[in-house]
Amino acid sequence: MKKLIASLATAATFAVLASSAVAQTYPDKTITVIVPFAAGGPTDTVTRLVAESMSKDLGQQLIVENVGGAGGTLGAARVAEADPDGYTLLLHHIGMATSATLYRKLAYDTLNAFDYVGLVTEVPMTIVTRKDFEPADLKGLIDYVKANKDKVTLANAGIGAASHLCGMMFMNAIQTQFVTVPYKGTGPAMTDLLGGQVDIMCDQTTNTTKQIQGGTIKAYAVTSPARLDVLPNIPTTEEAGLSGFQVGIWHGLYAPKGTPPEVLEKLSKSLQKALKDENVIARFAELGTKPSPEADATPAALKAKLESEVARWKPVIEAAGQYAD
Ligand code: MLT
């Protein structure tokens, strides 16, 4: 018995030594960051900006791999099953929380399959249409949709996506269900909105601001409590007459469960630096958002956020009874 306890103690000591040794040399190769949506969309844009800055800080490339589909759950599953060595990460948003209830047969346990690095940003949404859409304001848009609900189409990035959540909230708010068209991300959906193949989308400012400023799409409202500096002429949903319709798309950086705590700490410190990087701050501002505060770019803050958001959306989704599977 004494021999067994001694060998267990030795094994534990070796494990700690090994993981701190790992942390000391981490990272010694390229790190892959999985974006669970198509390239060119809002989550891809945010991830590439942060990854570029963290690469400089960590001295190794953080490369982005887009694994779109099933509202972001395919990409999340890829990271849930990856080696917990710090070389595969996930940057995902509020969809991480809603999918935990929307999908009853998820390939992973949302609250137990990941370790946490930190919160990254919270992006407002915009209600936009193709540029030649008739209605002049949100009230006109709502009346038009109600009168044409069988032919109006709303693009989204699949069940569990931010654009799906916002679209669902919009339909519930105006008590009118209309046709949705799913994509692997709002990057490709934007291409079809620009081309007039779809009519409406509720999407993040990180994907819509430049198009709105360029007049290539039409904007009706932002879902933030106040107007945005970059879109001063676009009213809030509150101002436009849709009260109680505010949503911000919070984003977090995750790792597979079992990633050494020292590695998570190193990544969190690097994320905090990236969120103070002048270039990241400037680019985020151009796209209508800002970095999360330092205190939120921590494992504990992201864990708390995910847990509270899963609890917040579960009764809402169960009440709606709209599941993905
Ligand atoms: C994307 O990057 O395509 C979006 O985050 C999709 C979404 O959630 O609407």
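Residues are numbered from 1 along each chain as its sequence is written, and side-chain values use heavy atoms, with hydrogens and water left out. Because the model is predicted, local features need pLDDT of at least 70 and side-chain atom pairs count only at pLDDT 80 or more, whereas totals for chains, interfaces and linings use all residues.

We may begin with two helices that meet. Helices (H or I, at least four residues) and strands (E, at least two) are DSSP runs, numbered from the N terminus. The axes of helix 2 (residues 42–58) and helix 10 (residues 278–286) come within 9 Å and cross at roughly 170°; such axes are lines fitted to C-alpha atoms, for helices over the stretch in contact, with angles running from 0 to 180 degrees between N-to-C directions. On the helix 2 side, V46, L49, V50, E52 and S53 meet N279, V280, R283 and F284 of helix 10, contact being heavy atoms within 4.5 Å. These residues divide into five nonpolar, two polar and two charged. Here Ala, Val, Leu, Ile, Met, Phe, Trp, Tyr, Cys and Pro count as nonpolar, Asp, Glu, Lys and Arg as charged, and the others, Gly among them, as polar.

R283 also takes part in a salt bridge, with E286 (2.9 Å, N to O). A salt bridge is a side-chain nitrogen of Lys or Arg within 4 Å of a carboxyl oxygen of Asp or Glu, and the structure holds 16 of them. E286 and R283 both lie in helix 10, three residues apart, about one turn of the helix. An α-helix has 3.6 residues a turn, so residues three or four places apart point the same way. E286 is partly exposed at 33% relative accessibility, and R283 is partly exposed at 28%; buried means under 20% relative accessible area, exposed over 50%, and partly exposed in between (1.4 Å probe, protein chains only).

Another salt bridge pairs R104 with D325, with 3.5 Å between the closest N and O atoms. This one links distant parts of the chain, 221 residues apart: R104 sits in the loop between helix 4 (95–102) and strand 4 (114–130), and D325 in the segment after helix 11 (299–320). R104 is exposed, at 53%, while D325 is partly exposed, at 30%. In the salt bridge of R130 with D132, the closest N and O atoms are 2.8 Å apart. R130 counts as buried at 17% relative accessibility, but D132 counts as exposed at 55%.

A search of the whole structure finds one disulfide, defined as a pair of cysteine sulfur atoms within 2.5 Å. It joins C166 to C202, S to S 1.9 Å. The two cysteines are 36 residues apart, C166 in helix 6 (residues 162–174) and C202 in strand 7 (residues 200–204). Both C166 and C202 are buried.

Finally, helix 8 (residues 205–214) has T205, T206, N207, T208, T209 and I212 buried. The buried residues of helix 8 pack against helix 2, strand 4, helix 7 (186–194), strand 7, strand 8 (217–222) and helix 10. After helix 8 comes G215, with a positive phi near 75°.
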